[in-house]
Amino acid sequence: MLMPFLDLKAQFASIRQEVLDAVTRTLETQQFILGPEVTAFESEISALTGCTYSIACASGSDALILALLALEIGPGDEVITSPFTFFASAGSIARVGAKPVFVDIDPQTFNISPEAIKCVITPRTKAIMPVHLFGLSADMNPILDLASAQCIPVIEDAAQAIGAHYAGRPVGSLGLIGCFSFFPSKNLGAAGDAGIITTNDAALADRLRLLHVHGARDKYVYELLGMNSRLDAIQAAILRVKLRYLDKWATARQHNADRYRQLFRQFRLEAKLNLPAAPPQFTHVYNQFTIRSSDRDNLREHLLARGIPSEIYYPIPLHLQKAFAYLGHKQGDFPASEAASREVLSLPIYPELTEAQQLSVVAAIADFHPG
Ligand SMILES: *Cc1c(COP(=O)(O)O)cnc(C)c1O
């Protein structure tokens, strides 16, 4: 391989001593569950997102489940989301016993189509869950207008978009609740699983705080049926180190995206492939740089043979997954999502990627499209 798809080893090398010091500092305290590192990290995420409350938990998937539980969403309820996303968006809805109601995506942005949401709202709709896929915010204003007109809460699945903005506002602060993941491949990655929930609603924050420690307000006194989903102190300490670099890393990703756009122009590939949309008013943080090709599978093989890694996010839309077969969907139900699954290809975009590496990626793509 000429480069990895994501170079976490290079990232670690650049912050190695700081991370080791943070881990050592935490080990010295022998306090591993919640505690001051977690509280400090929560405050830092509140500052970043402009939310009053942040509640750290064990994963992005748990953040979504906790958000749904805090809103008392369960059997008989419906939650609207997109089928072109990671499993956990709809998986969390099903996990609490509610029904995922899918709405197709805007083919330009890969995000939920606001116009289509209106058609599927019923009296059972208890939340709308837009996903900010690949680091680009969903088009939130029309979604928020619709939701507030019908008094439906909005849960942002911001797992892939920490640091992204929509019309000048940070994602995670746009809806009633924001959910983030710190899975290692996200723009802010832990040394394992981790997540956080953000909100400006004091009552919801209070419920979330209880729900993530089994529902207990005081030790061994349970007010709610909660779960065990806490952030480890060691993860918080590592995330606090990495959070200091988040801005710099996002800027590097944006810089790399600009450079890809230049190179695609230079190699006259723009008519042959679709590059990711970057609408004005949106700050894309490029967790992925995802192009579209009508001959995606052959292009991917061609790149692989030349040592260029790429990934397919996501090869099967959720409505066609076996786990969701009980919803009764079929091929053709969400054509834009299905087309995206056939055509998308994510290219390396990590901050440490060099100009020479990017050139080799685009030159190899140009090779596939002679003339
Ligand atoms: C990563 C991700 C999640 C889940 O996060 P985990 O921390 O892996 O549980 C949820 N939704 C989306 C869109 C994601 O990309």
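**Notes on the pockets and domains**

1. In this predicted model, the lining of the largest pocket comprises, by class, 12 nonpolar, 11 polar and 3 charged residues. The space within that pocket comes to about 420 Å³.

2. Of the 26 residues that line the largest pocket, those nearest its centre are Phe 86, Gln 160, Ser 181, Phe 183 and Lys 186. Two or more lining residues come from each of helix H3 (60-70), helix H4 (87-95) and strand S8 (177-181).

3. Which domains contribute to the lining of the largest pocket? At least three of its residues are drawn from each of domain 1 (8-243) and domain 2 (246-368), the two domains that the domain assignment gives for the chain.

4. As for how these domains meet, 45 residues of domain 1 are in contact with 33 residues of domain 2, and the C-alpha centres of the two domains lie 24 Å apart. Between them the domains bury about 3300 Å², with 67% of that area on carbon and sulfur atoms, while the count of salt bridges between domain 1 and domain 2 is 0.

5. The second largest pocket has a volume of about 280 Å³, and its lining includes Asp 206, Arg 209, Leu 210, His 214, Arg 217, Asp 218, Tyr 222 and Arg 230. Helix H7 (202-211) and strand S10 (216-218) are the elements that give two or more residues to this lining.

6. By class, the lining of the second largest pocket has 6 charged, 5 nonpolar and 1 polar residues, to be read beside the 3 charged, 12 nonpolar and 11 polar residues lining the largest pocket.

Conventions: Residues are numbered from 1 along each chain as its sequence is written. This is a predicted model: local features need pLDDT of at least 70, side-chain atom pairs count only at pLDDT 80 or more; totals for chains, interfaces and linings use all residues. Side-chain values use heavy atoms; hydrogens and water are left out. On a 1 Å grid over the protein atoms alone, a cavity is a set of points where a 1.4 Å probe fits but cannot get out, and a pocket is an open set with protein on both sides within 12 Å along at least five of seven lines; lining residues have an atom within 4 Å of a point. Grid points are joined across faces, edges and corners, and a volume is the space filled by probe spheres set on the points. Helices (H or I, at least four residues) and strands (E, at least two) are DSSP runs, numbered from the N terminus. Ala, Val, Leu, Ile, Met, Phe, Trp, Tyr, Cys and Pro count as nonpolar, Asp, Glu, Lys and Arg as charged, and the others, Gly among them, as polar. Domain bounds come from an automatic or database domain assignment. Contact means heavy atoms within 4.5 Å. Buried area is the accessible area (1.4 Å probe) that two parts lose on being put together, summed over both. A salt bridge is a side-chain nitrogen of Lys or Arg within 4 Å of a carboxyl oxygen of Asp or Glu.
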